[in-house]
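Dear colleague,

I am handing over the structure we spoke about, and below it you will find an account of what came out of going through it. Please read the text with the structure open beside you.

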Amino acid sequence: FARRVTEAGGTVVVEPMDVMDQGRMAIAKDPTGGQFGLWQARRHIGAEVVNEPGALVRNDLVTPDAETARRFYSEVFGFTLDRNEDLPDFDFTFLRRPDGKEIGGIFGDPGASRSLWATTFEVLGTDEVVERARAAGGTATDPEDMVYGRIANLTDPFGVEFSVITRAENVTT
């Protein structure tokens with residue numbers, strides 16, 4: 001995949017290398033500047049638990065140049081691109097593997113200062129997590145309801161940004 005990255009206009013930042021017997025990794029940037037990692041599993045397959053409370057829900061690229069990003073990820077990984085009809089006022093595209101499995105998305109935001117991958121974790125209570133994050137020295141936006149659930153953006157005390165969501169079927173407000 002590292003070769004595909006450069007052929008599609010991206011940059012390999014860290015060349016492919018073995019990580020003991022766990023797997024093989026590389027770090028790359030897409031043509032919009034969004035940095036991401038590549039992982040070829042061996043003994044460590046990666047995230048085994050996803051899409052449930054306490055686990056990763058998704059990663060979405062936020063970029064001022066969504067069209068270039070869509071072209072790149074489709075070309076490199078063979079992802080299909082599906083416009084998100086649930087959010088018609090936003091430039092949001094689902095990235096899907098050839099088998100149809102959704103793996104993330106691309107959010108076109110002309111006002112974004114740079115391209116970056118945003119991570120969202122699922123929680124059972126967005127409001128409670130926001131309170132705990134603030135008490136632990138982090139910052140957070142006030143939770144908001146949206147089509148998929150109750151969401152908030154958090155920043156840990158070290159400056160790392162991420163989101164938490166309680167999916168709509170689990171919201172008890």
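A residue is called exposed here when its relative accessible area is over 50%, and buried when that value is under 20%. Please keep in mind throughout that this is a predicted model.

With those cut-offs, helix α3, which runs over residues 126–135, has Glu131, Arg132 and Ala135 exposed on one side, while Thr126, Val129, Val130 and Ala133 are buried. As for what the buried side meets, the buried residues of α3 pack against β9 (139–140), β11 (149–155) and β12 (161–167). After α3 comes glycine 137, with a positive phi near 100°.

Turning to the strands, there is an open sheet of three, ordered β1-β2-β3, in which the pairing is antiparallel. Since β1 (11–19) and β3 (35–41) stand at the edges and have a single partner strand each, one side of each is left without a neighbour in the sheet. On average, and with direction ignored, neighbouring strands of this sheet are turned by 15° against each other. The antiparallel pairing between β1 and β2 (residues 23–29) extends over six bridges, and within it valine 14 has isoleucine 27 of β2 as its bridge partner.

Which residues have the most contacts inside the largest nonpolar core? They are Val5, Phe36, Phe72, Tyr73 and Ile106, in a core that has 17 residues. At least two residues of this core are supplied by each of α1 (2–7), β2, β3 and α2 (66–77), and α2 gives the largest share, namely five residues. Apart from this core lies another, of eight residues, which include Val123, Ala152, Leu154 and Val164. To return to phenylalanine 36, its contacts, when neighbours within four places in sequence are left aside, include Val5, Ala26, Ile27, Phe72, Tyr73 and Trp117.

Lastly, glutamate 85 sits in the loop between β5 (80–83) and β6 (91–96), and glutamate 85 counts as exposed because its relative accessibility is 59%. Between the C-alpha atoms of glutamate 85 and arginine 43, which are 42 residues apart along the chain, the separation is 39 Å.

With best regards

Note on methods:
Residues numbered from 1 in each chain as written. Predicted model: local features only at pLDDT ≥ 70, side-chain atom pairs only at ≥ 80, totals over all residues. Heavy atoms only, no water. Buried < 20%, exposed > 50% of the residue type's maximum accessible area, 1.4 Å probe, protein only. Helix = DSSP H or I, 4+ residues; strand = E, 2+ residues; numbered from the N terminus. Contact = heavy atoms within 4.5 Å. Pairing = 2+ DSSP bridges. Axes fitted to C-alpha atoms, helices over the stretch in contact; angles between N-to-C directions. Core = buried A, V, L, I, M, F, W, Y, C linked by side-chain atoms within 4.5 Å.
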